[in-house]
Structure formats: structure tokens, C-alpha cells
Amino acid sequence: MRPFWGIVLRELQRLRHQKARILSGLARPLLWLFLLGSGVGAIAAGADAAAYRRFLLPGILGMVLLFGAMFGALSTVHDREFGVIRLLLIAPVRRTTLVLAKIASSCSVALVQAGVLLTLLPVLGISPEPARLALLLGAMALTGLAISALGMLLATRVDSLENFSGIVNFVLLPMLFLSGALYPVRALPGALRIGAALNPLTYGVDLMKHAAFSGPSFARAGGGLDPRFRPELHPALDAAVLAATFGAALALTTLLFDREARLTRRVAGREAVG
């Protein structure tokens, strides 16, 4: 377990020296939450912008996790460009351990950013009891792991920061807009609902809605939620899809790292002979 924690701590130490990264990661969701929430809320929630902002909260948390986890995978591309991945691949470390450590570090960074937003719950009129807050944190962690694993899978196929940024920008916005973060999935046309069903973030956002809005705590704090904005899927389905996404992405990423490791050893052997 020492290599695992060594890699995770390395990434967290990076974050400690990049405070601007945390602040910039929060600027976008705060703008969406308060500016978009006020503007669109006047239309979507019958002039009740506060109700729409409460609905937006799980989606904004999903946005932070999505951007934080995906851009956390940038560190893998950076390490490949500067030779760090090559050193890790020829070290006596299991590929699964390496991949899990990278996923855990990306997820941790995303959770730190999303956790800061939880301080806004009282501002939005939501005061959940500790048990429900723990459920929300669990939903955030499961969502972060699934998205981080997908980010790592993308990072294994990209060899430069410029290429990765382009791919991420092409992937992130469709995932966000088809997740139910900004409007209910049931309001989408049929073809887009199919896209939403294939989007892992859809299940993460829905699971966070269950954690934040189900039960009596929300009714006491916020006066109820418009039925149009309630969770749309079963929480067991949400958790199962997120777990399956994490497992599949982990397996594929490990397989690709194994191939890269064999190639790296072969190249290193030729260089040694030469």
C-alpha cells in the first residue's frame, strides 16, 4: 500500500501549492448556481428562483466533480510527457495499484472542490440531518470515482496536454448537458434521453438528488420541491451504474497501462543494450 499512498500524497501536495486551481474550479459553478439559477429559475420554476437553485445544487456538485476529476487526470498526461509515468511503469508496482492511486488522487481533488460548495447548503435553505449529509457525501464519492476512472481511461490514450484538453472539452459539455444537472432528463427529446441514459454523470446527479432531496429534511428546510425536479431513477440503479462504470474503466485502463509497461520495458532494454 506504500506506493499507492505515495502517489496519492504526491498529487495532493501538488494541489496544496495550487490554491488558484481550487478557486478557479469554484468560480464556474458559483456563477451557474446564482446567475443561471436566478435567470432560468424565473422561467423554469414559476418565478421561484430559490426553488430552482435548490434543484441545481446536485447538478452543480456533479459539474464540479466532472471538471475536477477530468482535469485531475491531466496530471497523468503531464507525467507521461515528462517521463514520470515511464519510471512508474518500470518500477515493481502492480499496474492496478498505479491506476487506483491515480484515480483516487483525481477523485480526492474533485471532492475537495465539491466539498467547499456544501458550505452553501444553509444559503440555499437546505439543512439536512447528519445521516442525510453522509449519504450525500457517499453519492459524491461514488460519482467522483466513476468520473475519475473515465478521465484516467481518456488519459491513457493521449500523449500531450494540448490533445487531452481538446478531448476533455469535447466530452465534458455533452456529459453535463445530458446529465439532468440543469433540467430534468424527462424534459429532453427522445434521442437526447438515450444519450442521457448512456451518460454516467446522469446517474451520479440523480443519486445526489436522492441524497439531498428525499425524506423530510428538505421539506422542513426548503418548503418542498417542485415535482418536475424530483429524482427520476431508482437509487439502487444509480449506484449500480456508477459502480459498473468505475469497474469497467479501471479494468480497461489497467489493460492499457500493462501494454504501455511492456513497451516501456522493451524500449528501456534496447536503450540499455545500446
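**View 1. S179 in the loop between helix 8 and helix 9.** S179 sits in the loop that joins helix 8 to helix 9 (190–197). The model shown here and in the views below is predicted. S179 counts as buried because its relative accessibility is 2%, under the 20% limit for that class. The S179 side chain reaches the backbone nitrogen of A181 at 3.2 Å. Leaving aside residues up to four places away in sequence, S179 touches V185, N199, L201, T202 and V205. Y203 is 24 residues from S179 in sequence, yet the two C-alpha atoms are 7.6 Å apart in space.

**View 2. L176, a buried residue of helix 8.** L176 belongs to helix 8. Its relative accessible area is 1%, so L176 is classed as buried. L66 lies 110 residues away along the chain. The C-alpha atoms of L176 and L66 are separated by 8.0 Å.

**View 3. A nonpolar surface patch formed by L173, F177 and Y183.** These three residues make a patch of about 240 Å². L173 is part of helix 8, which spans residues 161–177. Is L173 buried, partly exposed or exposed? L173 counts as partly exposed because its relative accessibility is 39%, between the 20% and 50% limits. L176, also in helix 8, is buried at 1%.

**View 4. The largest nonpolar core.** This core holds 36 residues. L61, L66, L136, M140, I147 and M208 touch the most other members. Five elements are named as giving two or more residues: helix 3 (49–72), helix 6 (95–117), helix 7 (130–155), helix 8 and helix 10 (200–213). Which helix gives the most to this core? Helix 3 does, with 13 residues.

**View 5. L61 and its contacts.** L61 is one of the residues that touch the most other members of the largest core. Not counting residues up to four places away in sequence, L61 touches A114, L117, L118, L136, M140 and M208. Among these partners, L136, M140 and M208 are also listed with L61 as touching the most other core members.

**View 6. A second, separate core.** Eight residues make up this core. A149, M152, A249 and F257 are among them.

**View 7. T254 in helix 12.** T254 is found in helix 12, residues 235–273. With a relative accessible area of 11%, T254 is buried; the class requires a value under 20%. The side chain of T254 reaches back to the backbone oxygen of L250 at 2.7 Å. What does T254 touch, not counting residues up to four places away in sequence? The partners are R95, T96 and V99.

**View 8. The whole chain, for orientation.** Read along the sequence, its pattern is α-α-α-α-α-α-α-α-α-α-α-α. Of its 274 residues, 46% count as buried. The chain exposes about 12,600 Å². Carbon and sulfur atoms supply 68% of that area.

Technical notes: Residues numbered from 1 in each chain as written. Predicted model: local features only at pLDDT ≥ 70, side-chain atom pairs only at ≥ 80, totals over all residues. Heavy atoms only, no water. Patch = residues over 30% accessible without salt bridge, like charges linked within 9 Å, V, L, I, M, F, W, Y side chains within 5 Å. Areas by Shrake-Rupley, 256 points an atom, 1.4 Å probe, with all protein chains shown as cover. Salt bridge = Lys/Arg side-chain N within 4 Å of Asp/Glu carboxyl O. Helix = DSSP H or I, 4+ residues; strand = E, 2+ residues; numbered from the N terminus. Buried < 20%, exposed > 50% of the residue type's maximum accessible area, 1.4 Å probe, protein only. Contact = heavy atoms within 4.5 Å. Polar contact = N/O pair within 3.5 Å; in protein donor to acceptor, adjacent residues only side chain to side chain. Core = buried A, V, L, I, M, F, W, Y, C linked by side-chain atoms within 4.5 Å.
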